[in-house]
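Work through the exercises below with the model in view. Each task is followed by a solution in steps.

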Amino acid sequence: MAVSEIPLTRAAALARLDAFLPVAGTDYARLRNKDKGQGRHVHVSQLSAALRRRLVSEAEVVDAVIKRHGLSAAEKFVSEVFWRTYWKGWLEQRASLWDDYCHLLPSLQDRLHASSGMRSRYEAAIDARTGIDCFDAWVVELEETGYIHNWSRMQFASIWIFSLGLPWELGAAFMFDRLIDADPASNTLSWRWVAGLHTAGKSYLADPERIKAMTDGRYAPVGLSRTARIPADSLEVPQPSPPRGMREPDRSRATLLLLTAEDLSVEQVEEMKVLPVKAIAVLEPRNAWDRTALADGLQRASEVWPEAAPCGELQPWDVVTTARSADCTQIATAFLPVGPIADDMAPVRADAVREGILFAEHLRDWDLRSWPHCRKGFFGLKEKIPSLIQSRRA
Ligand SMILES: Cc1cc2nc3c(=O)[nH]c(=O)nc-3n(C[C@H](O)[C@H](O)[C@H](O)COP(=O)(O)OP(=O)(O)OC[C@H]3O[C@@H](n4cnc5c(N)ncnc54)[C@H](O)[C@@H]3O)c2cc1C
């Protein structure tokens, strides 16, 4: 699949899901870790950019795969989708970790400037000049396509941390800025997992022979570290606390529907469909990929609420005044999980309260039911997967 084919509209994502369904069962379980190379990632779905923006929901994807293969044969694929849920739920209950990570980044950049050794290793890494063949190729693929295969992301992060001796935080930031599916929870926490900071003492060490095997011999990396020295944890991991409280939308209030890249199929959600939407706006996109996805989400929402006034792209600080001028007493949006969009919108919530406008967020049933099981390790959620799926169908 070429980069331009990574789905960024709902129709394209549903078509991709449909095309991937035949191999989402035991074939996926067997072959998913094979990296066939740029433009040839045939063993994985490449749905992450769509799932991250909820152009299609986790529930839709999981339901389709189970319907085709049954839960037993689809177990591997389903549990991979639940990894997304797990990271999101885990971070939601430790929101200060994200804040601390964001605050730490500038000081790491300063450290980089102060240390010529670290700086030259960093520059070689981001310029694809390390001499480690697979790593340099993945940097190029990331720059050109915004995508790297999951297994290769693990090798990439491991090489960055243990072979190049660079801080995991800088690697996470480098990837986040370039990924088409950039997700604060999946990205930041996967980097911590590889570094050995998520499961105490358990890190992931890249192995040259495995890399050769998983890439069909395309790479034979030299110079990889044979030991994983787990970095001192730069961030204090807080105890889990309940996810941020929010108000659910009030179906009696004239509503400005705000679409963000966090969820672009709200028009499919029963609790949202019933809202008296008078105006629709999209939050200003952070990149061209988001712009494509937001335009698609806006078009679908406009079809569901044809009478709603189009308000275009808004900066966060324009949202409340726009709602007021459209005579709306409520701004309704999908729940804004921990990350840059929630950070940008935090002051807007306070503005809305001051203006007497309800800022309401809808938390999807999928998250509501899963997140209580995301407080510790993945196993706690994994063992609940059958009952979570069963209860959705009941
Ligand atoms: C260091 C590192 C950084 C990562 N950063 C991101 C990120 O910023 N955004 C992001 O969406 N994913 C991230 N992942 C997870 C994973 O690599 C991607 O979701 C996956 O590569 C997407 O490709 P796919 O859709 O073809 O996956 P498939 O193999 O087809 O999997 C199906 C779906 O399951 C979910 N999934 C699969 N593997 C994982 C995983 N390990 N963690 C979480 N969800 C998963 C994704 O939603 C994916 O679309 C990261 C993983 C690592 C190791």
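Ala, Val, Leu, Ile, Met, Phe, Trp, Tyr, Cys and Pro count as nonpolar, Asp, Glu, Lys and Arg as charged, and the others, Gly among them, as polar. This is a predicted model, where local features need pLDDT of at least 70, side-chain atom pairs count only at pLDDT 80 or more, and totals for chains, interfaces and linings use all residues. Residues are numbered from 1 along each chain as its sequence is written, and side-chain values use heavy atoms, with hydrogens and water left out.

**Exercise 1.** Describe the shell around the ligand by class.

Step 1. Find the residues with a heavy atom within 4 Å of the ligand. There, 27 residues surround the ligand, and the closest are Tyr 28, Ser 45, Gln 46, Arg 84 and Asp 181.
Step 2. Sort the shell: 15 residues are nonpolar, seven polar and five charged.

**Exercise 2.** Find polar contacts of the ligand (N or O pairs within 3.5 Å).

Step 1. A polar backbone atom of Gln 46 is 2.7 Å from a ligand oxygen. A polar backbone atom of Asp 181 is 2.8 Å from a ligand nitrogen.
Step 2. Turn to a side chain. Asn 187 has a polar side-chain atom 3.3 Å from a nitrogen of the ligand.

**Exercise 3.** Which helix gives the most to the shell around the ligand?

Step 1. Take helices as DSSP runs (H or I, at least four residues), numbered from the N terminus.
Step 2. H4 gives the most, with six residues.

**Exercise 4.** Explain why the ligand lies between two domains.

Step 1. Domain 1 (3–92 + 371–393) and domain 2 (95–214) both give residues to the shell, so the ligand lies between them.

Notes
A residue is near a molecule or strand if one of its heavy atoms lies within 4 Å of it. A polar contact is a pair of N or O atoms within 3.5 Å; within protein, one must be able to donate a hydrogen and the other to accept it, and residues adjacent in sequence count only if both atoms are side-chain atoms. Helices (H or I, at least four residues) and strands (E, at least two) are DSSP runs, numbered from the N terminus. Domain bounds come from an automatic or database domain assignment.
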